[in-house]
Amino acid sequence: MKELCYPFSEKAVRALKAGDAVSVNGKIWTGRDRFHKHFADGGALPVDFRDGALYHCGPVVVGMRVVAAGPTTSVRENPYEPDFIAKTGLRLVIGKGGMDARTLDACRKHGAVYLQAVGGAAALAAKCVKRVTNVYFLKEFGAAEACWEFEMCDFRCVVAMDSHGKSLFEDVRKKSEENWRRMTRP
Amino acid sequence: MIKRIADFIGRTSSTLPDDALNALKAAYRREAKGSSAKMILATIIENAKVAAEAGTPLCQDTGTLTFIVDERLRSKATPAVFAKAVTLATERGCLRRNTIDSISGASIDTNACPGAPVVHYVDNSSGAIRLLMKGGGSENMSAQFSLPDAAIGAGRDLEGVRKAVLTAVQRAQGYGCAPGILGVCIGGDRASGYEEAKMQLFRNLADVNQDARLAKLERRILKDANSLGIGPMGLGGKTTVLAVKIGARPRLPASFFVTVAYLCWAARRGEMKV
């Protein structure tokens, strides 16, 4: 288990390989569909994401207490993420399901990785949120789409796309494609 | 009644049904030692325990709420009662503020408005209210095919149905939180196909289809889907699908739809006797 602490340095991120188990600690921000669209439309970002982590997550929050905070499907952010990584200097993208070749390429170019959290395991993830330190766009986007700032402790993920061009999802997709062909051909 | 239904929503949101939990435990035993599949399944099972103990949502996407209500309960469990129960469950943190006005983009913070939650009154003499909470990630992976479909070599027969369903699973990869549960409808029109496919998701995962032909098809597709190698969360493994449930509706001569309702492993399904 490799421990990562905010701010995440390029050196630490470049040292990660697809398949590594990691524990994420310190500050992270959530951002999903509305947040990415806002960015793509030229909207201002509320914080400096350099050496930061962006978590694709729409949590359940009661007052300022997080009760459920698993990842949402990341593919929907494919059109926006490469540009986001290039412009902000983001180091960690956390979500589920993986992202496309363009995002993989941006990770390689700019020194970022994609971490897979276990989809649906929201109660466990919520236990890793030690504190909610801020929230942005709550009124504009609603609670599920807002940009929440969390203090995380021992949030466990797997490096699924590294900064050297390797994606675990791509390997599985190719293999399953072959199996599917074999099982469906006349 | 409002409070009772709100409690029922809370329980359903935080508790995995026994049949789903058993299927996950069996999958955990099947996966190879040290594999990411085994690790992911262990996390899923641990999460179910933590959520049930704390009474907090199993998954943050508390999903579309579909209530199937015995129509004899209509006077007690009115649409207004469901709206109030959902509002209360949301205030309690059992539901995420999860409803968006599709035109303005505004959040409907109570989760209650015309069209949400979905309530169907049916003549089933069950004396019960049934609830399915289905998340958006899995709903996005649901699919409908119109046969024949030359691109996947699927003709208008049960073999074509098998190919269509496997194609849906292949396209879904890990995006809909695999291992998934497949509700399938053969036939119907486009709307009733999705309705029947979703209704299949109310079945107990361990039951056996009363139609022997469909029971056989369910077993075959389950075996094939788990040979694809997609695995939990799309990171590889032996468990891609936990169960396949197939129903049928009559069709027009011109149409042959195969509809797949993809449900994530977090199969939040409950029944409340009234």
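## A proline in a loop of chain A

Let's start at Pro7(A), which sits in the loop between strand 1 (2–5) and helix 1 (10–14) of chain A. Helices (H or I, at least four residues) and strands (E, at least two) are DSSP runs, numbered from the N terminus. The peptide bond that leads from Tyr6(A) to Pro7(A) is cis, and its omega is near -5 degrees.

This is a predicted model, in which local features need pLDDT of at least 70 and side-chain atom pairs count only at pLDDT 80 or more, while totals for chains, interfaces and linings use all residues. Residues are numbered from 1 along each chain as its sequence is written, and chains are lettered from A and ligands numbered from 1 in the order in which they are written.

## A cis bond in chain B

Chain B has a cis peptide bond from Ala116(B) to Pro117(B), with omega near -5 degrees. Look for Pro117(B) in the loop between helix 4 (79–91) and strand 2 (118–122) of chain B.

## Where the chains touch

How many residues of chain B are in contact with chain A? There are 46, and they meet 42 residues of chain A; contact here means C-beta atoms, placed from the backbone, within 7 Å. On the chain B side, helix 3 (36–54) and helix 6 (158–172) each supply at least two residues. Helix 3 of chain B gives the largest share, nine residues.

By class, this side of chain B has 20 nonpolar, 20 polar and six charged residues. Nonpolar means Ala, Val, Leu, Ile, Met, Phe, Trp, Tyr, Cys and Pro, charged means Asp, Glu, Lys and Arg, and the others, Gly among them, are polar.

## Inside: a buried threonine

Thr66(B) belongs to strand 1 (residues 64–70) of chain B. Is Thr66(B) buried or exposed? Thr66(B) counts as buried because it has 20 C-beta neighbours inside 10 Å; the cut-offs are 20 or more other C-beta atoms within 10 Å for buried, 12 or fewer for exposed, and in between for partly exposed, with C-beta atoms placed from the backbone.

Beyond its neighbours within four places in sequence, Thr66(B) is in contact with Val118(B), Leu132(B) and Lys198(B). Arg130(B) is 64 residues from Thr66(B) in sequence, yet their C-alpha atoms are 8.1 Å apart.

## Outside: two positive phi angles

Asp154(A), in strand 9 of chain A, is not a glycine but has a positive phi of about 55 degrees. Asp154(A) is exposed, because 12 other C-beta atoms lie within 10 Å.

Ser125(B), also not a glycine, has a positive phi near 50 degrees. Ser125(B) is found in the loop between strand 2 and strand 3 (128–134) of chain B, and counts as exposed because it has 9 C-beta neighbours inside 10 Å.

Technical notes. Contact = placed C-beta atoms within 7 Å.
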